[in-house]
Amino acid sequence: MKIFAFINQKGGVGKTTVAINLARALSLQNYKVLLIDFDPQANAGSGLGIKTSKDESIYQALVEGNCERFIKNPYPNLYVLPSSIDLVGLEVKLVDFPKREYLLKELIENSTISGLPLMQFFDFIFIDSPPSLSLITVNILTACEGIIIPLQCEYYALEGLSLLIKTIRGIKKNLNPDLMLFGLILTMYDVRNRLSHEVAEEVKKRFNWITFKTLIPRSVRVSEAPSFGISVIDYEKNNKASLAFLELSKEFLERVKSYNKKFSKLLK
Ligand SMILES: Nc1ncnc2c1ncn2[C@@H]1O[C@H](COP(=O)(O)OP(=O)(O)O)[C@@H](O)[C@H]1O
Ligand SMILES: [Mg+2]
């Protein structure tokens, strides 16, 4: 399992932050990770110090059908395919386009880097997504294998989750049979806030089998780091959120390993 998407149609729940910092944590352990920014807000790129125009972004990569020349490499082992605001126009442009649900999937499959297919070069491909259930999201759900849903520890955390799960089921049935819900990640956990604790407990109770044990705490450093164009792990190594992201990466790797083992058994 290699391609993971961070999805939640709600904005501000921590999708981009988790994608950046989990990718960074894995890159520090010598895993090669490509972070694809497929959100017109382009925060995954800018959060890692990459600013781009339409001509240098995934938009142009889709036009050309190969993304190699657009990939940036801000840290050893961590690569980014940046987005730009022009991606907003994609929906309208694609209305009558045949196979419009498969553009991202085909871009990943047909692109190479250093002479190798992306799937061979990278250990993991992460896709950051916009806060919507749009054609862009459909492209992401069609291209990825595992879905990771970040949930903010607040009162409405679970609102919209059933619609999201329904959408995922629809895509699995019609467009991408390999799709699976890989995990829920609780973010912005505040130890001093009782509600935060209650929401975390509720989510763990209802989605026990899939919720990552590592909670990502709320820390002001996390919100400061993107303005410097660096991950929080690089901004303040011993920050509680940085340590949580490193812990999360261990749990993520364990889970990937156990899924891969399960599947190789099933295939025997
Ligand atoms: N653990 C955290 N502690 C404090 N602020 C956070 C944390 N995670 C995310 N944030 C902040 O919350 C806002 C929304 O996070 P973001 O990752 O951009 O969400 P999304 O991608 O789902 O819209 C950002 O300003 C981000 O810096
Ligand atoms: Mg985002």
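Q: In what order do the strands of the open sheet run, and what is the pairing?
A: In this predicted model, seven strands make up an open sheet, ordered β3-β4-β2-β7-β1-β8-β9, and their pairing is mixed.

Q: And which strands stand at the edges?
A: Those are β3 (72-75) and β9 (180-187), and because each has a single partner strand, one side of each is left without a neighbour in the sheet. From one strand to the next, the twist averages 25 degrees.

Q: How do β1 and β7 pair?
A: Strand β1, residues 3-6, pairs with strand β7, residues 124-128, in the parallel sense, and the pairing runs over four bridges; within it, Ile3 stands opposite Ile125 of β7.

Q: Switching to the largest nonpolar core, which residues touch the most other members?
A: That core has 77 residues, and those touching the most other members are Val33, Leu35, Ile58, Ile125, Phe126, Ile140 and Ile216. Helix α1 gives the most to this core, with seven residues.

Q: What is Ile140 in contact with, leaving aside its neighbours within four places in sequence?
A: With those set aside, Ile140 has contacts with Ala5, Ile7, Phe38, Leu104, Ile127 and Ser129.

Q: Now the ligand: how many residues surround ligand 1, and which are the closest?
A: Ligand 1 is surrounded by 18 residues, of which the closest are Lys15, Thr16, Thr17, Val222 and Ser223.

Q: Which element supplies the largest share of that shell?
A: The largest share, three residues, comes from α1, while α1 (15-28) and α10 (220-224) each supply at least two residues of the shell.

Q: And by class, what does the shell have?
A: Around ligand 1 there are seven nonpolar, nine polar and two charged residues.

Key:
Residues numbered from 1 in each chain as written. Chains lettered and ligands numbered in written order. Predicted model: local features only at pLDDT ≥ 70, side-chain atom pairs only at ≥ 80, totals over all residues. Near = placed C-beta within 6 Å. Nonpolar A, V, L, I, M, F, W, Y, C, P; charged D, E, K, R; others polar. Core = buried A, V, L, I, M, F, W, Y, C linked by C-beta atoms within 7 Å. Buried ≥ 20, exposed ≤ 12 C-beta atoms within 10 Å, placed from the backbone. Contact = placed C-beta atoms within 7 Å. Pairing = 2+ DSSP bridges. Axes fitted to C-alpha atoms, helices over the stretch in contact; angles between N-to-C directions.
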